[in-house]
Protein chains: 2
Amino acid sequence: MRIALDAMGGDRGPEELVSGALLAVRDTDVEVALVGDETVLRSVLRGKGVAEGPRLAVVHASQIVEMSENAVDAIRKKKDSSVLVACDLVARGETAAVVSAGHSGATLAAAMRKLGRLEGVSRPGLASFFPTLKKPVVLMDIGGNVDCRPHHLLQFAIMAAAFSSIHQRENPRIGLLTIGEEAGKGNALIRETYPLLAKSSLNFIGNIEGRDIFQGDVDVVVCDGFVGNVCLKISEGLAEAAMRMIGDEIRESLWTKLGYLLVKPAFRAFKKRVDYSEYGGAPILGIDGVGLVCHGKSDAVAIKNAILVANKMVTGGVNERIRREISGVPVSETDDE
Amino acid sequence: MRIALDAMGGDRGPEELVSGALLAVRDTDVEVALVGDETVLRSVLRGKGVAEGPRLAVVHASQIVEMSENAVDAIRKKKDSSVLVACDLVARGETAAVVSAGHSGATLAAAMRKLGRLEGVSRPGLASFFPTLKKPVVLMDIGGNVDCRPHHLLQFAIMAAAFSSIHQRENPRIGLLTIGEEAGKGNALIRETYPLLAKSSLNFIGNIEGRDIFQGDVDVVVCDGFVGNVCLKISEGLAEAAMRMIGDEIRESLWTKLGYLLVKPAFRAFKKRVDYSEYGGAPILGIDGVGLVCHGKSDAVAIKNAILVANKMVTGGVNERIRREISGVPVSETDDE
């Protein structure tokens, strides 16, 4: 099993990304193709005292998509960018999956261009783990698709359910994110999606409110990409703000400062529990291949975890599951866009 | 200034609500009309050793809207429910505003039925304060309107800006909640709303992402009622879950337990900072009168604060501001629904 890593993307630079690949190669039997500027990558490997070899190879790509670029333009113009070359390795069957912590829009665009959609999928999307009081849930879509129709949400449910199978969740419980528990509650999209989910063969448990997500009583939460992305960003922002507010209060007195030294391990454990990097990136679901988008801030551990998730998605046959399930739900011609 | 309080609504019952009214009457010069079952309310007053009088009067209403009821049905059938009678007091000019911690949907429906829309307003909605690292921001809409058109969002911005004036915010900064900073980012609704806000006379500062809300660099955040309500519920759920997760970790060892005793004041200060009850309920904006919906869990302090906010909305002429601003933005016939 070989996985392509876009070794130039991400806020922390190639050093950190290569460290992540090293961790993955050391801890498991995956092989990693480091894609990017070969001079830079070989110098990083030398600096770490690691020899290039079949388990950790360098594949040259001369260009980088910058975070400030327009995703679609960049992918059209930069034919030799690390993310496009990495996706191309998957398209040509040289690697089984691609992982990138670079420009997420560009990664999505590159994956779509090189790999295309899985048969029967109307719109590929991004899924993400979301921490809860019990096990993390899978939330989909979180950004790709801002204006959705009911059958798109049905397909997100099918794809996210297939993905959640890599965590030994068979027959995962599916919830539809809305603002009331009864079937009639929500906006037009939600009201029309509800009956589609209800009559599907999925284990649909009904509507779920934002507040209930954290109880961890569902495995998959379905929403459109606008709502999903807002939820994710609100949660990130709130968690950061809460930590800063509590920090401000703690610095108010010597006693609270002293107390903080003692509770610090609890805070650290909490942070680890909600840390995105533990979950190994966001899978692009619905493409004809395996791809993962990592947070720009990803450290070596996050990259390693993403490589392991990619590995599990391939060995677990997530795409075969998606293809099988989607083919059971015919989509009308007019709806298929 | 007299304000009607639905003294039967809310999870904590009439005792707590009457206590809130008492606090308001003691601390300020407002008068409160307690609306509900007169036998119950007089017995509560007696229990507290308080005499009924012009500053704290009881107005009888024989029915209660239960939390489990359908809002519209309940308002149609229960003509003598406390929330309808309270709204009727405003309609007849006997009180200047209404406050209820009961069924929020029923409160909205009752206010709409008895008070109607303000001239020029397409859709009344609910606004709410949202805690940030700086001052709280006003978020609108948070639940009334799930399927919106661009001019509805423009009107929400105008109404929320007028409301924020009661907190001495002149020319408040308005942000449009979406999933990217540039003008073209978001779903169709957001992309079409952006130019309306940009050409309005409002102090529109552009798109804002969920994560940035907590920085407190805007005064008003505009979104549709579906997204707003999901944001509010996600935030509530996350804050509760975070507290429980940290609590779990703290109970892991004796040292962290000891440390917790020392940092407790910091946690308490944090909780107070993010506590909805400090902000005094969610104003119904766009109706021809002043109404506030409180959280069902509201305690006496929350009720007192809501009464004070209602008072400020009346004295600050929020509705006159809304009427003036809305009349400057003509809405096309076809759009006006």
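Colleague: At what angle do the axes of helix H6 (residues 150-164) of chain A and helix H12 (residues 318-327) of chain A cross, and within what distance do they come?

Modeller: This is a predicted model, and what follows should be read with that in mind. Two packed helices are described by the angle between their axes and the distance between the axes. For H6(A) and H12(A), the axes cross at roughly 145° and come within 9 Å, and the crossing is right-handed. On the H6(A) side the residues that take part are Gln155(A), Ile158(A), Met159(A), Ala162(A) and Phe163(A), and they meet Val318(A), Arg321(A), Ile322(A), Glu325(A) and Ile326(A) of H12(A). Sorted by class, this contact consists of seven nonpolar residues, one polar residue and two charged residues.

Another helix pair in chain A can be set beside it. Helix H4 (residues 82-91) and helix H5 (residues 104-115) of chain A pack with their axes 9 Å apart, at an angle of about 35°, and H4(A) likewise passes H5(A) in a right-handed crossing. From H4(A) the contact draws on Val83(A), Leu84(A), Cys87(A), Asp88(A), Val90(A) and Ala91(A), while H5(A) contributes Ala106(A), Thr107(A), Ala110(A), Ala111(A), Lys114(A) and Leu115(A). Nine of the residues in this contact are nonpolar, one is polar and two are charged.

Turning to the interface between the chains, 50 residues of chain A are in contact with 50 residues of chain B. Helix H8 (210-213), helix H9 (225-250) and helix H10 (254-274) of chain A each supply at least two residues to the side of chain A that touches chain B, and H9(A) gives the most, with 19 residues. That side of chain A has 30 nonpolar, 10 polar and 10 charged residues.

Among the buried residues of H11(B) are Ala302(B), Ile303(B), Lys304(B), Asn305(B) and Met313(B). After H11(B) comes Gly317(B), whose phi is positive, near 60°.

Finally, Glu15(B) lies in helix H1 (residues 14-27) of chain B, and Glu15(B) counts as partly exposed because it has 14 C-beta neighbours inside 10 Å. Although Glu15(B) and Val44(B) are 29 residues apart in sequence, their C-alpha atoms are 6.1 Å apart in space.

Methods. Residues are numbered from 1 along each chain as its sequence is written. Chains are lettered from A and ligands numbered from 1 in the order in which they are written. This is a predicted model: local features need pLDDT of at least 70, side-chain atom pairs count only at pLDDT 80 or more; totals for chains, interfaces and linings use all residues. Two residues are in contact if their C-beta atoms, placed from the backbone, lie within 7 Å. Helices (H or I, at least four residues) and strands (E, at least two) are DSSP runs, numbered from the N terminus. Ala, Val, Leu, Ile, Met, Phe, Trp, Tyr, Cys and Pro count as nonpolar, Asp, Glu, Lys and Arg as charged, and the others, Gly among them, as polar. A residue is buried if 20 or more other C-beta atoms lie within 10 Å of its own, exposed if 12 or fewer, and partly exposed in between; C-beta atoms are placed from the backbone. Axes are lines fitted to C-alpha atoms, for helices over the stretch in contact, and angles run from 0 to 180 degrees between N-to-C directions. A crossing is left-handed if the near helix is turned anticlockwise from the far one by less than a right angle, and right-handed if clockwise.
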